[in-house]
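Please read the following alongside the model.

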Amino acid sequence: MEITNVMEYEKIAKEKLPKMVYDYYASGAEDQWTLQENRNAFSRILFRPRILIDVSKIDVSTRVLGFNISMPIMIAPTAMQKMAHPDGELATARATSAAGTIMTLSSWATCSVEEVASTGPGIRFFQLYVYKDRNVVIQLVKRAEEAGFKAIALTVDTPRLGRRESDIKNRFALPRGLTLKNFEGLDLGKIDKTNDSGLASYVAGQVDQSLSWKDIKWLQSITSLPILVKGVITAEDARIAVEYGAAGIIVSNHGARQLDYVPATIVALEEVVKAVEGRIPVFLDGGVRRGTDVFKALALGASGVFVGRPSLFSLAADGEAGVRKMLQMLKDEFELTMALSGCRSLREISRNHIKTDWDIPHYLPAKL
């Protein structure tokens, strides 16, 4: 079957992967309303294309935290990629580097920061969960720094794991032979079978539920790397993140895997962008499956987007080549959207190029 869009990889991945693994990657929390809404909300944004503009030359390149990248499309952190393909995060790292963009490595990767660094040059961020044992965190951040990672993406929406019913039904555990490589020498690398989700039990035992804003300052005291706050979906928290010295914000609802019935990230994006007032960059994570989605996010003020599930499904379908093709398809679609909207560079993409259904009042009071 010839793959013509990113979404087709999911069907192939579903056929290839064990049910427990596919369900872990694909499912959301509880009723999965936000999971569907992360996609559906994009369909409520329409284009206002401008015509008769010379689009013979289009530049989709950009800068993120001072680094030049080929496009505003980056790889989000996704855990345990060796469940999808034997090369796991190594394949994703090579594909992302070849595409000239940024990969974010999960704390819960099945390849270590050192192994990922060994694949060759590339701009890589490290996603961090803060463990109860802060010495583990210090050690991990230092290792990421020494391995050449360029930023820390601090996940802030997971004091406890969301209720993912597929994982409970499947008694999710790491398949035999796989470990969380970054924690292997610390006896924290295993996620065993339990009467519930093995991951939920692991998080309850290890992740620090007392994490608070002051810990951003603590993190800044142990590393010189810029810190992105991942998991912000309100203006109030966006303002606090700026006050505490965050280098950027990733608007994320954790792929709809934490609290159900929160807004789609594309809906929450503009509120966060307005609150930040241009002081730090804001990125979008969640629901991106088309180049048109990337354009819509940038029109609403995002500096770039991160894609998660598409990288997993393309990895499962065709390894490194799958991830390369997935990124190329999104880039090509995005460039086409720019051309058809009359935009030659990212600077020319504006709020005037789109119309959202939330621009239109849904409620008009009856005449008295």
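His254 is buried, because its relative accessibility is 11% (buried means under 20% relative accessible area, exposed over 50% and partly exposed in between, with a 1.4 Å probe and protein chains only). The model is a predicted one, in which local features need pLDDT of at least 70 and side-chain atom pairs count only at pLDDT 80 or more, while totals for chains, interfaces and linings use all residues. Residues are numbered from 1 along each chain as its sequence is written, and side-chain values use heavy atoms, with hydrogens and water left out.

In an unreviewed UniProt entry, the annotation "active site" covers His254; UniProt positions are given in the numbering used here, feature names are shortened, and annotations may be inferred rather than shown by experiment. The residue sits in the loop between β9 (248-252) and α11 (265-276). Such helices (H or I, at least four residues) and strands (E, at least two) are DSSP runs, numbered from the N terminus.

Leaving aside residues up to four places away in sequence, His254 touches Tyr129, Thr155, Asp157, Thr158 and Arg164, where contact means heavy atoms within 4.5 Å. With Asp157 there is also a side-chain to side-chain polar contact at 2.9 Å (a pair of N or O atoms within 3.5 Å; within protein, one must be able to donate a hydrogen and the other to accept it, and residues adjacent in sequence count only if both atoms are side-chain atoms).

Two or more lining residues come from each of α2 (19-26), β11 (304-307) and α13 (309-341), and α13 gives the largest share, 3 residues. The volume of this cavity is about 420 Å³. On a 1 Å grid over the protein atoms alone, a cavity is a set of points where a 1.4 Å probe fits but cannot get out, a pocket is an open set with protein on both sides within 12 Å along at least five of seven lines, and lining residues have an atom within 4 Å of a point. Grid points are joined across faces, edges and corners, and a volume is the space filled by probe spheres set on the points.

The largest pocket holds about 310 Å³ of space. Of its 20 lining residues, Thr155, Val156, Leu211, Ser212 and Trp213 lie nearest its centre. β8 (227-232) and β7 (151-155) each supply at least two residues of this lining.
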